[in-house]
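Student: I have a structure to go through. Could you take my questions one at a time?

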Amino acid sequence: MTARFIAVTIASKPYLSLARVTARSFHEHNPEIPFTLVLSDEMDGWFEIAKEPFSLLSVNEIGLRQLERIRFHYSPQEFSYAITPHVIDFLLAEGWDGVLFLKQETLVLDTLVPLCEALQRHSLMLTPHLLDPPRRSGALRRELDVLRAGVYNGGVVLVANRPESRRFLAWWKERTFSDCLCRVEEGLHYEQRWLDFAPSLVPGAHVIRDPGVNVGHWNLPERDIRVENGRVTANGGPCRIFRFSGYDPEHPERITKYYPDRRVDETGGAASVFERYNRMLMEAGYAETKMWPYAYGRFDNGAEVTEAHRSEYRRLGDQAVRFGDPLATSGGQSFWNSLEPALREDG
Amino acid sequence: MSRLAIGTIVARNYLAHARVLAHSLRRHHPEIPFYVLFADATDSERDGGDEPFQLLSIADLDLDDVRSLLFRYECKPALIALKPTLLRHLLGAGYPSVLLLDADMLVQRSIQEALDHVSSHALTLSPHVGMAPTNADRLARERLLLMAGIYNGGFVGASDRPETHRFLEWWETRLSRHCDDNVREGFHFDQRWLDLAPGFIDDLHILRDPGINVAYWNLPDLELQLDDDRLLVNGQTCRLFHFSGFDPDDPGKASRYAPDLTTEELGPAAVVFRQYRQMLKDAGHDQTKDAPWPWDRFVNGVEIAPSARQAFRAMGDESRRFSDPFDVRRRSFYRLLNGQASSWARCRRALRARVPRLRRTPETQKPPEP
């Protein structure tokens, strides 16, 4: 393989252990492909990059326009989602031939070389949540959940460096700049629902219909997961990417917080993959990193940024630019000082 | 037998649209059979006559419980819900490929290239926009598409393959119960279900030809030119125009779904709307446009109130007790609604539980939460 690929994930400091697990599992099976983390946060001396299993890019380095605005506009989770197209496009602009974007809660279980090879023939590769009409119980419910959240999963997005995919990323960036929110009644679900447009907007877009790529709570009932001699298979083929969307290692009996009734011990062979993931998270310092502070979560006077602050700020639209960095509280022109007194407590 | 058939579905109020589409197809594709599922045709009309298409009636379809479907929905969603059924019917009749079109379309030039795609793929869909919208209200328009569906339900091509049949059976099942506008829940008539097709179908083709399925949702992005009487969109020949939401009695508006878009601002396309309006008139639209939908009434002529439809749907599988919901005899749904079926305690409980205040304020209640 002569083309140069890079894998990337996005995380804030409290989720650093998840990014470590993703990176380590990726390296184990794909030692020839570099892996980088875009920190949607400030490092502030909490960890040493030399000891980490990834190279590091700061969110300040990826050419994000109006960074001070967008990191306040969104909650930590929304922010990490919103910058996905920016991160991918930045790496392509740096000259990589293809970018493998993996969301932070991922376990790579096999080589991704076949995906890289396919990416040389396509502009963009996406994985749909469902590969067949689900037949097991709750089929209708799950289909509707997918229709509201997005047909394609935003956790695995593979993009080749081609004009048509760069045009799509420019479009996706514009959408996630303002509309990376969860408002299903208006057709929005973070960065993900916008991907529904991709196959019709991007010539050469490819839908990956491989049951072993991007296994998650949404398709587990249709996946026969087996572990033999340490190798994980899905429906008889290699299981390459397993995703732990909504998995809480402090509730290891549950698959995901999105379906609290679904239990890990009912997933057959997948149960041991969940156990393995849980072990890796603990070894990667889950308990420690989850206590690390999110740098954009407080005003510079120490007051916590709440959803009420963010929503007030979003309401201002482009006018919000006049405040400069909304986290800076000093001065008569600050966003803080423009707030109603009720929103200016515990400063 | 032809390798491909085309079909559409109408009630009498759209009969003129079907005739216009039939004439335009005959002109450009005389060899292709065109079937119209004329849902409320009378017995004498069913025997054929001089329509420019092959007429199918609901009785021709292989559909269990068709009367329940017609009771559950009003006219428009009922016709939409029959799309997968018609596709299955025509595939079952032996056509290797079938293209389903909305009746309010006009073939302006040969659509052979699109038909070739339909013939060579398991499923062929037409996206509302094949390139990113560029005008000022692009975000608002895209959000409407996220709510309404990426692919247009007015152009669905299907070929006789196992994966297509699996898909059509699933789609038919979904539309039998979930063919409404319910964005909050995640569906919008037939269309949002189609968004799942690229996951379900391996051999899916997305038609990105700007000259196919030209309509109000993509017209604002297209560069329009008139070359003699040929409309060009982005330099390509406009082949298949879709007059979705166009009301010939309100001809200044391109579509009732985009009230701010006037036909005049569409420049060269305005003439297409004018011509289409005239074609509809020539095809007798004024005589049929107000035709009542016969399935809006119980067999005794009493109109079916929206609340009655909602109550029937809210009963879920309980509604299967009523083999013919239009019936008014003993043990009928009609009697139950009117409080004359006290022995049907279970149904009454189901009704009361899911549709509170049904009988007190039948016209004003909100639909039940699914």
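Student: Into which domains is chain A divided?
Tutor: This is a predicted model. The domain bounds come from an automatic or database assignment. Chain A splits into domain 1 (5–210) and domain 2 (305–343).

Student: How many residues of domain 1 of chain A are in contact with domain 2 of chain A?
Tutor: The C-alpha centres of these two domains of chain A lie 29 Å apart. Domain 2 of chain A brings ten residues to the contact. The side of domain 1 of chain A divides into one nonpolar, three polar and two charged residues. Its count in the contact is six residues.

Student: What share of chain A counts as buried?
Tutor: The C-alpha trace of chain A spans about 65 × 45 × 45 Å along its principal axes. A residue is buried if 20 or more other C-beta atoms lie within 10 Å of its own. Of the 347 residues of chain A, the share that counts as buried is 48%.

Student: What separation do the centres of the two domains of chain B have?
Tutor: The assignment for chain B gives domain 1 (4–287) and domain 2 (297–354). Their centres, taken over C-alpha atoms, are separated by 34 Å.

Student: How many residues does domain 2 of chain B give to the contact with domain 1 of chain B?
Tutor: Domain 1 of chain B gives four residues. Those divide into one nonpolar, one polar and two charged. Domain 2 of chain B gives seven residues.

Student: Which element gives the largest share of the side of chain B that touches chain A?
Tutor: Across the interface, 25 residues of chain B are in contact with 25 residues of chain A. On the chain B side, α7 (138–148) and α10 (197–200) give two or more residues. That side divides into 15 nonpolar, three polar and seven charged residues. The largest share, four residues, comes from α7(B).

Student: Which residue with a positive phi follows α13(B)?
Tutor: Helix α13 (residues 306–314) of chain B has buried residues, among them B:Ala308, B:Ala311 and B:Phe312. B:Arg313 is also one of the buried residues. After α13(B) comes a residue with a phi near 60°, B:Gly316.

Student: Over which residues of chain B is the pLDDT below 50?
Tutor: The mean pLDDT of chain B is 90, and 91% of its residues reach 70 or more. The stretch below 50 has 17 contacts in the model beyond near neighbours in sequence. It covers residues 356–370 of chain B.

Student: What ipTM does the predictor give the complex?
Tutor: Two scores are given for the complex. The pTM is 0.94. The ipTM is 0.95.

Definitions and conventions:
Residues numbered from 1 in each chain as written. Chains lettered and ligands numbered in written order. Predicted model: local features only at pLDDT ≥ 70, side-chain atom pairs only at ≥ 80, totals over all residues. Contact = placed C-beta atoms within 7 Å. Nonpolar A, V, L, I, M, F, W, Y, C, P; charged D, E, K, R; others polar. pLDDT = per-residue confidence, 0-100. Buried ≥ 20, exposed ≤ 12 C-beta atoms within 10 Å, placed from the backbone.
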